[in-house]
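Subject: Structure for you to look at

Hi,

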Amino acid sequence: TACLGQTMPGPRPMRRLSNTEYRSTLEDLLGPTHAALIGTIAAGLTSETESLGFRNNAAFLDVNTGVAEHYMDAAEQLATAIGRSQLSCAPGEDGTRACAQSYLRSFGRKVFRRPLSAEEQDRYLGLFDTAVASYDFATGIEWITMALLESPSFIHRVEVGIAAPAGTPVTRPDDYEMATRLSYLLWHSTPDDALAIFVMVSDEG
């Protein structure tokens with residue numbers, strides 16, 4: 001390909017987290033406090049197809065109805081258990097919606113392994129507003145958490161990439177996507193705080 005002056009990249013499928021990656025990611029996101037619940041959830045996951053000794057082949061990690069229902073149930077259980085423990089603000093001091101937005105930006109970045117877009121923030125905050133109007137602040141935070149943890153952006157390793165020059169169908173991973181690739185390659189889990197901070201500083205600078 002070098003002689004022909006052509007770039008021939010491999011395919012880039014949208015990879016669903018393997019059972020091991022899913023459990024490790026939840027443990028790193030939520031800490032040891034919820035280890036027992038995470039273990040119970042992980043134990044109920046559908047067994048994966050093994051290919052050449054590996055269980056993380058994207059071609060076999062589909063999301064059928066049963067798998068999707070398990071993720072939904074898991075997200076609901078986790079959101080209820082977490083409650084407001086992940087909050088770094090107090091709604092009475094910072095304002096109810098401002099506190100929710102701060103939580104969404106912070107926890108959402110960890111869950112999605114990248115910053116949320118403005119459109120995504122508006123959508124999740126709209127969900128929060130609906131919950132608060134009918135129930136209360138705590139329920140609004142639970143709804144945000146549940147929606148994040150059952151989102152394809154959490155369950156899958158989504159790569160949009162950075163477009164190559166016009167006329168070529170090639171893209172490359174952005175900094176957040178590359179950090180995710182490295183982290184799951186080395187630790188089978190989400191990027192830790194040190195790697196995430198390094199990526200954010202690189203992205204800003």
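This is a predicted model: local features need pLDDT of at least 70, side-chain atom pairs count only at pLDDT 80 or more; totals for chains, interfaces and linings use all residues.

Which residue does the side chain of Glu27 meet in a salt bridge? The partner is Arg23, with N and O 3.1 Å apart. For the term itself: a salt bridge is a side-chain nitrogen of Lys or Arg within 4 Å of a carboxyl oxygen of Asp or Glu. The general idea is that side chains of opposite charge can pair when their charged atoms come close. Glu27 and Arg23 are both in helix α1, four residues apart, which is about one turn of the helix.

Residues are numbered from 1 along each chain as its sequence is written, and side-chain values use heavy atoms, with hydrogens and water left out.

**The overall picture**

The protein has 10 helices and four strands. Both are DSSP runs numbered from the N terminus: helices are H or I with at least four residues, strands are E with at least two. Starting at the N terminus, the order of elements is β-α-α-α-α-α-α-α-α-β-β-β-α-α.

Of the 205 residues, 39% count as buried. Buried means under 20% relative accessible area, exposed means over 50%, and partly exposed is in between (1.4 Å probe, protein chains only). The protein exposes about 11,700 Å², and carbon and sulfur atoms supply 54% of that. Areas like this come from the Shrake-Rupley method with a 1.4 Å probe; for residues, only the protein chains shown count as cover.

Now contacts, meaning heavy atoms within 4.5 Å. Among those with a separation of 6 or more, 63% are between residues 24 or more positions apart.

**More salt bridges**

The whole structure contains five salt bridges. One of them joins Arg157 to Glu21, where the closest N and O atoms are 3.9 Å apart. This pair links distant parts of the chain: Arg157 is in strand β2 (residues 156-157) and Glu21 is in helix α1 (residues 19-30), 136 residues apart. Both Arg157 and Glu21 are buried.

**Two residues on the inside**

Have a look at Thr145 in helix α7 (residues 137-149). Its relative accessibility is 0%, so Thr145 counts as buried. Leaving aside neighbours within four places in sequence, Thr145 touches Ala79, Ile82, Tyr103 and Phe107.

Ser153 sits in helix α8 (residues 152-155), and is buried because its relative accessible area is 17%. With the sequence neighbours within four places left out again, the contacts of Ser153 are Val111, Phe112, Arg113, Arg114 and Val158.

Most residues other than glycine have a negative phi, and most peptide bonds are trans. Arg113 has a positive phi, near 65°. You'll find Arg113 in the loop between α5 (96-112) and α6 (118-134), and it counts as buried because its relative accessibility is 7%. His188 also has a positive phi, about 60°, and lies in the loop between α9 and α10 (193-204).

**On the surface**

Met178, Leu182, Leu185, Leu186 and Trp187 form a nonpolar patch with about 530 Å² of accessible area together. Patches use residues with over 30% relative accessible area and no salt bridge; like charges are joined within 9 Å, and nonpolar side chains (Val, Leu, Ile, Met, Phe, Trp, Tyr) within 5 Å. Trp187 belongs to helix α9 (residues 175-187) and is partly exposed, at 49% relative accessibility.

Cheers
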